[in-house]
There are 2 protein chains.
Amino acid sequence: MSETVPTREAIEIAHKRVEPFIHHTPVMTSQFLNDLSGAELFFKCENLQKIGAFKARGGLNSILSLSPDQLENGITTHSSGNHAQAIAFAAAKVGAKAFIVMPENSPLVKINAVKGYGATITFCENTQEERERVVQEIISETGATFIHPFNNYEVITGQATAAKELIEDVQDKLDAIIAPVGGGGLLCGTALSAHYFSPGTKVYAGEPEGAADAVLSFRSDKIQKAPYVKTIADGLLTTLGDKTFPIIKAYVTDILTVSDEEIVGAMRYLWERMKIVVEPSGAVSLAAVLKNKELFAGKKIGIILTGGNVDLGKLPF
Amino acid sequence: MSETVPTREAIEIAHKRVEPFIHHTPVMTSQFLNDLSGAELFFKCENLQKIGAFKARGGLNSILSLSPDQLENGITTHSSGNHAQAIAFAAAKVGAKAFIVMPENSPLVKINAVKGYGATITFCENTQEERERVVQEIISETGATFIHPFNNYEVITGQATAAKELIEDVQDKLDAIIAPVGGGGLLCGTALSAHYFSPGTKVYAGEPEGAADAVLSFRSDKIQKAPYVKTIADGLLTTLGDKTFPIIKAYVTDILTVSDEEIVGAMRYLWERMKIVVEPSGAVSLAAVLKNKELFAGKKIGIILTGGNVDLGKLPF
């Protein structure tokens, strides 16, 4: 596994590597949301990606980077969310075994999706310690390779391909790109792609007020936990890692927090006006733009819509 | 206004004419729905079109075909649905006045959308007679040109551009294209584009059991009303017209009916699996494919997803 910050060439290679397996998702625009924001918005629709989220990119790139010997022993991770699906999906694509550790209270729809890709699921109590302990057990028994959901350079490099496509597909130069931040895998990939493929394009993060670890870490120059964790954006609860934090410090301009009400409002605009299903975590970037109109007024802004995996029976509107 | 069945050249001209004003909507695919149907499905996402429906195409083409004198006097139509928005939107694009007659019980969201494009709304009782009477009054007072929602060759020609794009964007030759049928404007356009741009590609229609006028007309060789009208697919309630019926007879292979339960099931797949918002009328084509698996097994099928204008507060799931 790579031990250095992803280079321009690494992202280009990753893009060629994952392209055959992913959707080249569309970049959408909305006159209504341009008028509302006062900016020109370009939405990179990773909610329309395979498995319904950008995480397919990082999962694929990390697994496609493994040696035949490593693949032979399979892959393992712990996740209750989109990363579990991404690893199960990517492992199936290369014919490798996937051992996914999921908290026993995971939503049935996610459990079924992981099963649908043929992965072996081991359930555990929903604590970080238990999740890691069970993964360690699996590694001891099988020799499987652990793939971290974000604190992994191959994962970051894979996520970077989303912003690379956005930059290439938008004819004009973007003034800024906004991505949400949880553990920071997508945000790092976005920042690196902007740095290499569109120098001068600023990168901002959107973060829920109810999981505000990244903004605190960014401002205090030290990885910190969130003061409290309570948000509808359930994909953004994790804290930064030692690989993601330095990249964010170096290449991200600022982190903008938004309330759950602002997230749901942005989500509703995306559903009603753009006719696309976006999960709360995926609507955080738009919420950040709509909250900071003066910052983005008159600018060309790329917005990464990260995922669309939401339970239709439990909508917030 | 044209008084002959649209030619290949008319559709090509219409496409160039409307292109600057519309979204070139994406063609999406879903491995899950391919597996479920046993066919290879290509979804033309007109739910992502301007105004949230393909009707923007016909509205634009008909209005862009008018003379400067006609435009000077404005445009009028009656509609409680997507055609009202299409005419209001297209009139605004060319700077013409739009006089829209809407039933007084129209959904507020549609009234606001029409107002949002700057159109003048006249409310009336919700009977066909009253709608036509009020439109006639407007024509007498203003000299506005009436644009019928489907029984109009410029409208049909505009709708044809959706299937033309689908045919051009899918690399392989399609075995069939399925479109829903209400008054038949989209279905005629689809059938003509298949005939001209992809000879050999069959065209089928999907129709709700609770508005089954087209299948009855098709089989009896005579325009007929539906035996009863009760369906969730509120965009497909109208009967065929004297311009649409002959084209359907000549170029459509068959009309397949589906129940409301099948429509809602297909709609749910589109939302959950493809992450796009599709209205019930827009899910009818997929419902028809899933109901007739043996007919489409192993084939390459184009499916036109017609619209995404749905009240999020009143979802059927």
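Student: How many residues does the contact take from chain A and from chain B?

Tutor: In this predicted model, the contact takes 22 residues from chain A and 22 residues from chain B. The area buried between the two chains is about 1600 Å², and carbon and sulfur atoms give 65% of that area.

Student: Which element gives the most to the side of chain A that touches chain B?

Tutor: That element is α12(A), with 4 residues.

Student: What rotation superposes chain A on chain B?

Tutor: Two copies of a chain are related by a rotation about an axis and a shift along it. Here, a rotation of 180° with 0.0 Å of shift along its axis superposes chain A on chain B, with an RMSD of 0.0 Å. This is the relation of a two-fold axis. In chain A, the C-alpha nearest the axis belongs to A:Ile276, at 2.2 Å from it. The same surface serves both copies, as 100% of the contact residues of chain A recur in chain B.

Student: Where does helix α12 of chain A lie?

Tutor: Helix α12 (residues 260-274) lies across β1, β2, β8, β9 and β10 of chain A, and runs at about 90° to β9(A).

Student: What is the order of the strands in the open sheet of chain A?

Tutor: The 6 strands follow the order β1-β2-β10-β7-β8-β9, with mixed pairing. The edge strands, β1 (27-28) and β9 (254-258) of chain A, each pair on one side only. Strands β2 (residues 40-45) and β10 (residues 300-305) of chain A pair in the parallel sense over 6 bridges, and A:Lys44 stands opposite A:Ile304 in β10(A).

Definitions and conventions. Residues numbered from 1 in each chain as written. Chains lettered and ligands numbered in written order. Predicted model: local features only at pLDDT ≥ 70, side-chain atom pairs only at ≥ 80, totals over all residues. Heavy atoms only, no water. Pairing = 2+ DSSP bridges. Helix = DSSP H or I, 4+ residues; strand = E, 2+ residues; numbered from the N terminus. Contact = heavy atoms within 4.5 Å. Axes fitted to C-alpha atoms, helices over the stretch in contact; angles between N-to-C directions. Least-squares fit on C-alpha atoms with pLDDT ≥ 70 in both. Buried area = accessible area lost by both parts, 1.4 Å probe.
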